[in-house]
Amino acid sequence: MRNGDDLPVMKRRQRSAFPPNYVHSLDSTHMMMTALGCHDKDITFAGVHDSFWTHAGSVNTMNEILRHKFYELHSQPLLNNLREEFLEKYKGKVESFEPVPPQGDFDLQEIYEAVYFFN
């Protein structure tokens, strides 16, 4: 049985696969942080991919946890951290990594007031 170890790395496919996989990892991190936040408040949590559930009486509290954990995660310099990690990990193997694009002007605090923050 052939395992493919002898096949060349398809760089274009690797490059195009990375962004959605990275975003998915952030989504799953948010889910885990939300689940832990619900556990801390003794709220039942269930979820699949990007759908989160709780009992009807806990929805408002889970909504607060969702927003807080999203803010906590995305207020970090995630792309800068990723770039620094890559620069360290691939030192001497890759010439450089593109700089992180400039940050936009979205005020992350707005998620606390958004009617349709999470759906």
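Author: Let me start with a definition: a residue is called buried when its relative accessible area is under 20%, exposed when over 50%, and partly exposed in between, using a 1.4 Å probe and protein chains only. This is a predicted model, so local features need pLDDT of at least 70 and side-chain atom pairs count only at pLDDT 80 or more, while totals for chains, interfaces and linings use all residues. Residues are numbered from 1 along each chain as its sequence is written, and side-chain values use heavy atoms, with hydrogens and water left out.

Reader: Okay, is Asp-42 buried or exposed, then?

Author: Asp-42 counts as exposed because its relative accessibility is 73%. Its place is in the loop between H1 and strand S1 (46–48), where helices (H or I, at least four residues) and strands (E, at least two) are DSSP runs numbered from the N terminus.

Reader: And what is the phi of Asp-42 like?

Author: Asp-42 has a positive phi of about 60 degrees, although it is not a glycine. For background, most residues other than glycine have a negative phi. His-49 is also not a glycine and has a positive phi, of about 55 degrees. His-49 sits in the loop between S1 and strand S2 (51–53), and it counts as exposed because its relative accessibility is 51%.

Reader: Let's go inside. Which residues make up the largest nonpolar core?

Author: It has 10 residues in all: Met-31, Cys-38, Ile-43, Phe-52, Met-62, Ile-65, Leu-66, Leu-108, Ile-111 and Phe-117. A nonpolar core here is a set of buried Ala, Val, Leu, Ile, Met, Phe, Trp, Tyr and Cys residues joined through side-chain atoms within 4.5 Å. Helix H1 (11–40) and helix H2 (59–74) each supply at least two residues of this core, and H2 gives the most, with three.

Reader: What does Phe-117 touch, leaving aside its neighbours in sequence?

Author: Beyond four places in sequence, Phe-117 is in contact with Leu-66, Arg-67, Phe-70 and Ile-111, contact meaning heavy atoms within 4.5 Å. There is also a second, separate core of six residues, which includes Leu-26, Leu-73, Leu-78 and Leu-82.

Reader: What about His-30, where is that found?

Author: His-30 is found in helix H1, and it counts as buried because its relative accessible area is 4%. Not counting residues up to four places away in sequence, His-30 touches Phe-52, Leu-66, Lys-69, Phe-70, Leu-73 and Phe-118.

Reader: How many aromatic pairs does the structure hold?

Author: It holds eight aromatic pairs. In one of them, the rings of Phe-45 and Phe-52 have their centres 5.4 Å apart and their planes at 65 degrees, so the pair is edge-to-face. The rule is that rings of Phe, Tyr and Trp (its six-membered ring) pair if their centres lie within 6.5 Å, with planes under 30 degrees apart counted as stacked, over 60 as edge-to-face and the rest as tilted. Phe-45 counts as partly exposed because its relative accessibility is 23%, whereas Phe-52 is buried, with a relative accessible area of 12%.

Reader: And which residues do ring pairs link into a cluster?

Author: Phe-18, Tyr-22, Phe-86, Tyr-90 and Phe-97 are linked in that way.

Reader: Changing topic, how much space lies in the largest pocket?

Author: About 810 Å³, where the volume is the space filled by probe spheres set on grid points, and points are joined across faces, edges and corners. A pocket is found on a 1 Å grid over the protein atoms alone, as an open set of points where a 1.4 Å probe fits, with protein on both sides within 12 Å along at least five of seven lines; lining residues have an atom within 4 Å of a point.

Reader: Which residues lie nearest its centre?

Author: Of the 18 residues that line the largest pocket, Gln-14, Arg-15, Phe-18, Phe-86 and Phe-97 lie nearest its centre. H1 and helix H3 (78–89) are the elements that give two or more residues to this lining, and H1 gives the most, with six.
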